[in-house]
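User: I am new to this structure and would like to learn how to read it, feature by feature. Could we begin with the way helices pack?

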Amino acid sequence: MLPPRILVTGANGLVGQALARAAGRWRGADVLATGRRPALALGGFAGGTAALDVTDADAVERALQDFAPDVVLHAAGLAQVEACEADREACWALNVEATTALAAACHRHGARLVLPSTDFVFDGERGPYAEDARPAPLTHYGRTKLAAENALKASRLTRWAVARTTLVFGAPTGPAPRLDFVRWLVRELGAGRPVRVPSDQVRTPTYDEDFADGVLRIVRFGKSGTFHVAGREVLTTYALALRVAEAFGLDAGLVSPTTTTALHPGAPRPLKAGLLILRAETELGYRPRPLDAALADLRGRLGVPRPSARR
Ligand SMILES: NC(=O)C1=CN([C@@H]2O[C@H](COP(=O)(O)OP(=O)(O)OC[C@H]3O[C@@H](n4cnc5c(N)ncnc54)[C@H](OP(=O)(O)O)[C@@H]3O)[C@@H](O)[C@H]2O)C=CC1
Ligand SMILES: Cc1cn([C@H]2C[C@H](O)[C@@H](COP(=O)(O)OP(=O)(O)O[C@H]3O[C@@H](C)C(=O)[C@@H](O)[C@H]3O)O2)c(=O)[nH]c1=O
């Protein structure tokens, strides 16, 4: 396809930054990265930036009118599970209502819409999951993401995609809203602090750059529907913590196993979750890098020397 005009929402966040950077590398593409906080700190991004509150329907309409995107990558959302439980209305307004309105606006303006979603739409009884598994979210966060997916399906848009992912880690720049698991762990272990990590949560951790590559493949191939775009390795968060400690030369002895219930008394997590990526591999040629390669790449982005180089 011809290089498109791509508008990214939520481009200050972990996922939105990765999408904006990857879109910006598409030769000839015109990219507008928007965020609620106007000060976009997108290191190495050459496209345009603007403030856009996605809950402001007039502002969304103006943005689509003025920029006339071919594609909207909608990464604005509330992704903190406990915060969604604490303020259910705000979470619904952002994750569901704003997405529903954006889908209608994309239909009016002829834009394709891609929505990142999550394995938290599943109950974690029998993951990792394929795209056709039956959703049964355990949390308000999961319910809002499922409702947003359904809003796309029920909209008049014909060109839409849901890209489900899980446990994304990466190296966003600027004041990112929250630390992802890997960066949190690197910070804690780096400071010599002991951590407790659930050994009963199964995931397919996803490198931010790989997720962005998968999403842009959906766009390039003009695909619609639901795709699982995640890492390929299935492991517990505890096992992941040990791999992170090794990759960063940190003290794995500081990591001790705990249960999800002990760590998250207020909001359950799906236990046997994670996502199967066969559809993305076969239809998109998606090839996420092996976990250790992703962690090594992340180490480079964070400017942390190789463990062997420090001995
Ligand atoms: N991180 C993960 O592991 C996964 C994430 N996802 C999905 O990806 C999406 C992004 O998540 P992630 O990047 O991790 O979350 P972050 O919290 O890192 O980023 C979310 C972004 O949304 C922005 N935002 C919040 N409210 C508005 C608004 N009214 N208008 C415009 N922007 C707004 C925030 O802006 P500001 O910074 O300016 O406050 C923030 O930068 C979510 O929909 C989430 O469900 C799915 C699966 C896994
Ligand atoms: C803060 C903290 C986190 N953790 C672990 C638990 C958890 O598995 C992992 C990440 O914790 P979080 O609360 O950030 O993430 P969590 O909400 O569990 O993870 C999810 O994020 C949302 C957005 C999704 O959609 C999911 O796919 C998934 O990636 O870190 C600890 O083990 N100890 C801690 O003290």
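Analyst: The axes of H8 and helix H11 (residues 291-302) come within 10 Å and cross at roughly 50°. Before going on, please note that this is a predicted model, in which local features need pLDDT of at least 70 and side-chain atom pairs count only at pLDDT 80 or more, while totals for chains, interfaces and linings use all residues. Residues are numbered from 1 along each chain as its sequence is written, chains are lettered from A and ligands numbered from 1 in the order in which they are written, and side-chain values use heavy atoms, with hydrogens and water left out.

User: What describes two packed helices, and at what angle do H6 and H8 pack?

Analyst: Two packed helices are described by the angle between their axes and the distance between the axes. The axes are lines fitted to C-alpha atoms, for helices over the stretch in contact, and angles run from 0 to 180 degrees between N-to-C directions. Helices (H or I, at least four residues) and strands (E, at least two) are DSSP runs, numbered from the N terminus. Here H6 and helix H8 (residues 237-248) have axes 10 Å apart and pack at an angle of about 60°, which makes H6 oblique to H8.

User: Is the crossing of H4 and H5 left-handed or right-handed, and at what angle do their axes cross?

Analyst: A crossing is left-handed if the near helix is turned anticlockwise from the far one by less than a right angle, and right-handed if clockwise. The axes of helix H4 (residues 88-109) and helix H5 (residues 140-154) cross at roughly 15° and come within 9 Å, so H4 is roughly parallel to H5. The crossing of H4 and H5 is right-handed; H6 also passes H8 in a right-handed crossing, and the crossing of H8 and H11 is right-handed.

User: How many residues surround ligand 1, and which polar contacts can I look for?

Analyst: A residue is near a molecule or strand if one of its heavy atoms lies within 4 Å of it. Ligand 1 is surrounded by 26 residues, of which the closest are Arg36, Arg37, Asp53, Tyr141 and Lys145. A polar contact is a pair of N or O atoms within 3.5 Å; within protein, one must be able to donate a hydrogen and the other to accept it, and residues adjacent in sequence count only if both atoms are side-chain atoms. A backbone N or O atom of leucine 14 is 3.0 Å from an oxygen atom of ligand 1, and a polar backbone atom of valine 54 is 2.9 Å from a nitrogen atom of ligand 1. Taken alone, ligand 1 exposes 890 Å², and the protein buries 95% of that; such accessible areas come from the Shrake-Rupley method with a 1.4 Å probe, and for residues only the protein chains shown count as cover.

User: Which residues are the closest to ligand 2, and how much of its accessible area does the protein cover?

Analyst: Of the 20 residues that surround ligand 2, the closest are Thr118, Tyr141, Leu167, Phe181 and Arg269. A polar side-chain atom of tyrosine 141 lies 2.7 Å from an oxygen atom of ligand 2, and for glutamine 201 the corresponding distance from a polar side-chain atom is 3.2 Å. On its own ligand 2 has 690 Å² of accessible area, and the protein covers 81% of this.

User: Which backbone features deserve a look, for example at alanine 68?

Analyst: Most residues other than glycine have a negative phi, and most peptide bonds are trans. Alanine 68 has a positive phi of about 50° although it is not a glycine, and this alanine 68 lies in the loop between helix H2 (57-67) and strand E4 (71-74). Glycine 127 and proline 128 are joined by a cis peptide bond, with omega about 0°, and proline 128 lies in the loop between E5 and H5.

Terms used. Parallel < 35°, antiparallel > 145°, perpendicular 65-115°, else oblique.
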